[in-house]
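Let me put the thing up on the screen, and then I'll walk you through a few spots.

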Amino acid sequence: MNLKFPIVTLILSVSTSVTGQQVLEDYVETGLASNQQYLKERLNTDIAKEESNISKSGFLPDVSFNTSYIIADGGRAIGFPVGDLFNPAYSALNQLTNSNQFPTNLQNINEQLLPNDFHETKIRVVQPILNTNIYYGYKAKKSMVSVNEAKADAYKNQLGFEIRKAYYNYLKLLEQKVILDSTRVIVKELVRVNGKFVKYDVETKDVLYNAEAQLYQVDAQLATAEKNISKSRNFFNFLLNRDLETSIITDEPLVFKREIYSMVKLQEKALSNRTEVNQIQSGIEASDYEIKRSRGFLIPHISTAAEFGYQGFGYEFDKNQGYYLISFNLSWSIFQGGRNNAQVRKAKLGKQQLEADFSDIKKRIQLEVSTAVYEYEETLKIYDAQVAQLKSSQENFKIIQSKYKQSQVLLVEFNQARTQLTTAQLMESIARFNIKIAKANLNRAVQMN
């Protein structure tokens with residue numbers, strides 16, 4: 001009976017492709033470029049920048065051009081009895097002077113209040129000189145840009161890990177299918193050989209039925225593996241925001257590099273690298289400026305304004321209609337029912353919340369790093385155990401296979417050895433890719449490139 005086992009060669013031949021890691025990083029970049037949530041986070045950053053620019057514009061003068069033209073008739077009027085007051089007096093003066101020097105036919109005036117055929121065309125300039133709302137408001141908005149940038153970077157870090165994890169899971173499932181395909185070759189060969197044994201009355205039919213049952217079992221495992229591969233592929237493509245059925249390039253080295261890490265150094269590096277820390281720090285800085293802005297009611301606001309233009313009846317634009325006006329303004333809030341002090345207290349409470357979050361986030365990051373290190377070290381130890389188990393199962397299967405050819409062992413022993421080897425191969429594959437996933441998780445926790 002000629003039984004071969006090609007899976008041993010499969011496991012020992014490890015790819016050394018140098019482009020594999022670049023393929024994965026290209027996928028990460030593709031996922032980041034197409035992910036809608038990450039796009040939303042980046043847009044929030046852009047919005048924060050524009051809000052900062054809007055706030056910054058408050059330092060510059062506000063220049064506006066205004067013109068108006070009024071046509072009016074009716075409405076309220078003001079009466080002035082010019083004739084009734086001056087005509088008798090002028091008449092008496094004429095008599096005294098024996099002349100007609102003073103007019104005696106003056107009419108009473110009845111002028112409407114609404115101006116008719118009146119225009120005003122001007123340029124108005126307003127320049128703040130001292131305004132704490134503008135200054136500290138701008139500083140707070142500028143700090144919020146850093147907050148939004150940190151949020152976007154944190155999401156980028158997490159999404160990159162999810163893509164890497166999904167990619168490694170997909171490769172792991174592909175390799176498991178290859179192992180099961182090779183196992184099926186062995187079981188199919190077993191069915192063929194046992195069929196001949198039964199045909200020539202060397203064995204009873206139960207050995208053939210047993211081998212066929214194993215073949216059905218392996219086929220069922222393959223069906224499950226293919227289903228899981230499809231699900232894993234679809235999830236990976238979902239993360240990349242592309243068609244779920246798109247094929248995935250699998251040029252990834254199967255080897256890994258063992259690394260020893262210092263827990264303390266990694267925690268320090270994480271506290272330095274993690275954007276969540278920068279996010280909270282920028283938020284606290286923004287809160288400080290908000291407190292100062294709220295306290296700004298203690299300082300008066302000073303500004304100056306100037307107008308240059310023309311006003312008068314009819315569009316003449318001559319020197320008689322030309323005018324300018326310059327004013328200096330001071331505004332100081334004296335009493336607003338305690339609203340200003342309440343705003344200061346509110347800003348202080350907001351800062352206290354962020355300070356509590358800052359203490360919590362540092363502890364959480366330290367916990368994440370320590371957990372990631374322990375998990376990485378555990379995957380290395382599990383892999384070593386699975387490699388030892390695989391070597392043992394390979395040697396055991398070789399011996400049992402040889403004895404089975406010589407009819408020195410029963411079929412049940414051969415099946416047990418074959419099952420143990422398949423299981424060992426699957427477990428070794430899982431353990432190897434779990435190391436890659438654990439390393440990616442450690443990089444995420446520390447935010448290492």
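Let's start on the outside of helix H4: the face turned away from its buried side carries Asp84, Leu85, Pro88, Gln95 and Leu96, which are exposed. For the cut-offs, buried is under 20% relative accessible area, exposed is over 50%, and partly exposed is in between, with a 1.4 Å probe and protein chains only. Helices (H or I, at least four residues) and strands (E, at least two) are DSSP runs, numbered from the N terminus.

Quick housekeeping: this is a predicted model, so local features need pLDDT of at least 70, side-chain atom pairs count only at pLDDT 80 or more, and totals for chains, interfaces and linings use all residues. Numbering runs from 1 along each chain as its sequence is written, and side-chain values use heavy atoms, with hydrogens and water left out.

Back to H4, residues 82-97. Its 16 residues reach 22 Å from first C-alpha to last, close to the expected 22 Å, where expected means 1.5 Å times one less than the number of residues. Which residues of H4 are buried? Those are Val82, Gly83, Asn87 and Asn94. They cover an arc of only 85° around the axis, so they sit on the same side of H4; the arc is taken over directions from the helix axis to the C-beta atoms. Among what covers them are strand S2 (77-80) and strand S3 (109-112).

Next, a helix pair. The axes of H5 (132-199) and H10 (411-446) come within 9 Å and cross at roughly 170°. Axes here are lines fitted to C-alpha atoms, for helices over the stretch in contact, and angles run from 0 to 180 degrees between N-to-C directions. That makes H5 and H10 roughly antiparallel, a label for angles over 145 degrees. The contact residues split into 15 nonpolar, 12 polar and nine charged. Nonpolar is Ala, Val, Leu, Ile, Met, Phe, Trp, Tyr, Cys and Pro, charged is Asp, Glu, Lys and Arg, and the others, Gly among them, are polar.

Last stop, Asn329 in strand S6 (322-331). Is Asn329 buried, exposed or partly exposed? Partly exposed, because its relative accessibility is 33%. Leaving aside neighbours within four places in sequence, Asn329 is in contact (heavy atoms within 4.5 Å) with His301, Ile302, Ser303, Thr304 and Ala305.

Definitions and conventions. Angles under 35 degrees count as roughly parallel, over 145 as roughly antiparallel, 65 to 115 as roughly perpendicular and the rest as oblique.
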